[in-house]
Amino acid sequence: MTPVERLALRTRFGLTQAARVGWYAAQNRAGVRAGREAGEGLPPPPKPVIEAPAGVPERATLLKQVRQLLARDLANIEAGLYPMPKDEPDGLRGMFARRDLYLKDIPAIVRRRATGSHQELDRSGATRPRYYMQNFHFQTDGWMSEESAKLYDTQVETLFFGAAAAMRRQGLVPIAEMVRARDQRRLKMLDVASGSGAFLADVRHAFPRLPVIASDLSEPYLGLARQRVRRAGGAALSGAVVGAAEALPFAADTFDLVSNIYLFHELPPKVRPLVAGELARVLSPGGRLIVIDSLQTGDNLELDGLLELFPQLFHEPYYRSYVTEDMIGLFEGRGLTLVASWAAFVSKVMVFEKAPR
Ligand SMILES: C[S@@+](CC[C@H](N)C(=O)[O-])C[C@H]1O[C@@H](n2cnc3c(N)ncnc32)[C@H](O)[C@@H]1O
């Protein structure tokens, strides 16, 4: 890359990411305001109890850490590990439309928070596990509707000041390393709990010919994931499978790459070992498993208070047990070895390998 190209890349990255952070930080403020108005007349939620010595981090601390994450993201792009992101492919129109949906849903979220309602899903005849059929984060319809799928990314980005996309992109690094050594068309990848497909769209943008299968328990979320991958260009998904991560419908040793993003903190403690076992089982010898999830207690002392606050503001029934879960032990006990791990703002990336045959 010539110095001029580097300057152009940095300028473009800086401008687009600053605009994104500004946009979502403004929505975050608007959301707080809308929440306050919607809460008038409702019983006030209990005051959060925080024991972490550093308390809840200030907005300035969070934004500093977002900048550190984006610097790492830019370094990866400059190193050629993945291309400049295509965040917000639906453009300004889409962003405004999603902002409106997000603000419109706030009164319902505030009502659920005030009344502790998180069991509004119809469970009669449900084929999904009981623990799954809840209004996670107090969101309308839980994981079970197209509206929820459309809203999900905006809710997440708003919570994290637009940094969720860059946190997920960290998961492209171990894929890029593998793709450098091998022809991507001959690899097989599985993404478990794909949600609305944000990471899959990044994977497709970076590795247009890598065969990828998506899986999730939510049909509407998978439907959106499929569309997003199509819009990202390159090959369509090789499959989109509705199913539980604790019983993956694939033979052992099938995939060279398995990814799993933001699932473990949503799982009851008893289910986590089952899912870890399945991720390890379907991974090929010599393959790589990429897990990205929330930071855990002690990973970044400045942010520990946030890990305590989060489950007090949102319906996150399993988060408190997640932050002390032995994540490395879960996988190392199943034939995998941790080969890399790093923090990415409020997330951490863990890369495991299965010994070659
Ligand atoms: C927090 S979202 C993360 C989605 C996506 N990976 C991302 O990066 O945004 C959790 C996802 O896990 C899915 N999920 C939860 N429990 C699951 C299970 N036991 N098996 C498969 N998917 C599950 C939900 O449907 C939802 O799409």
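Strands here are DSSP runs of E of at least two residues, helices are runs of H or I of at least four residues, and both are numbered from the N terminus. Two strands pair if DSSP finds at least two bridges between them.

Before going on, a word about the model. It is predicted, so local features need pLDDT of at least 70 and side-chain atom pairs count only at pLDDT 80 or more, while totals for chains, interfaces and linings use all residues. Residues are numbered from 1 along each chain as its sequence is written.

Back to our strand. Isoleucine 261 has isoleucine 292 in β5 as its bridge partner. Strand β1 (residues 189-192) is also joined to β4, by 4 bridges, and runs parallel with it. There, methionine 189 stands opposite leucine 257 of β4.

Is β4 buried or exposed? Of its 7 residues (255-261), 7 are buried, so the strand is largely enclosed by the rest of the structure. Buried means 20 or more other C-beta atoms within 10 Å of the residue's own, exposed means 12 or fewer, and partly exposed is in between, with C-beta atoms placed from the backbone.

Now follow the chain. β4, helix α9 (residues 272-282) and β5 form a right-handed β-α-β unit; with the strands pointing away from the viewer, the path from the first strand over the helix to the second runs clockwise. Buried residues of α9 include Arg272, Val275 and Leu279. Among the elements covering the buried residues of α9 are β1, β4 and β5, where contact means C-beta atoms, placed from the backbone, within 7 Å.

Isoleucine 261 turns up again at the ligand. Which residues come nearest to the ligand? Of the 19 around it, they are Ala193, Gly195, Ala245, Ile261 and Tyr262, where near means a C-beta atom, placed from the backbone, within 6 Å. This shell has 12 nonpolar, 3 polar and 4 charged residues. Ala, Val, Leu, Ile, Met, Phe, Trp, Tyr, Cys and Pro count as nonpolar, Asp, Glu, Lys and Arg as charged, and the others, Gly among them, as polar.

Finally, let's zoom out. The domain assignment, which is automatic or from a database, gives domain 1 (3-159) and domain 2 (164-354). Between them, 43 residues of domain 1 are in contact with 40 of domain 2. On the domain 1 side, α4 gives the most, with 8 residues.

Technical notes: Two residues are in contact if their C-beta atoms, placed from the backbone, lie within 7 Å.
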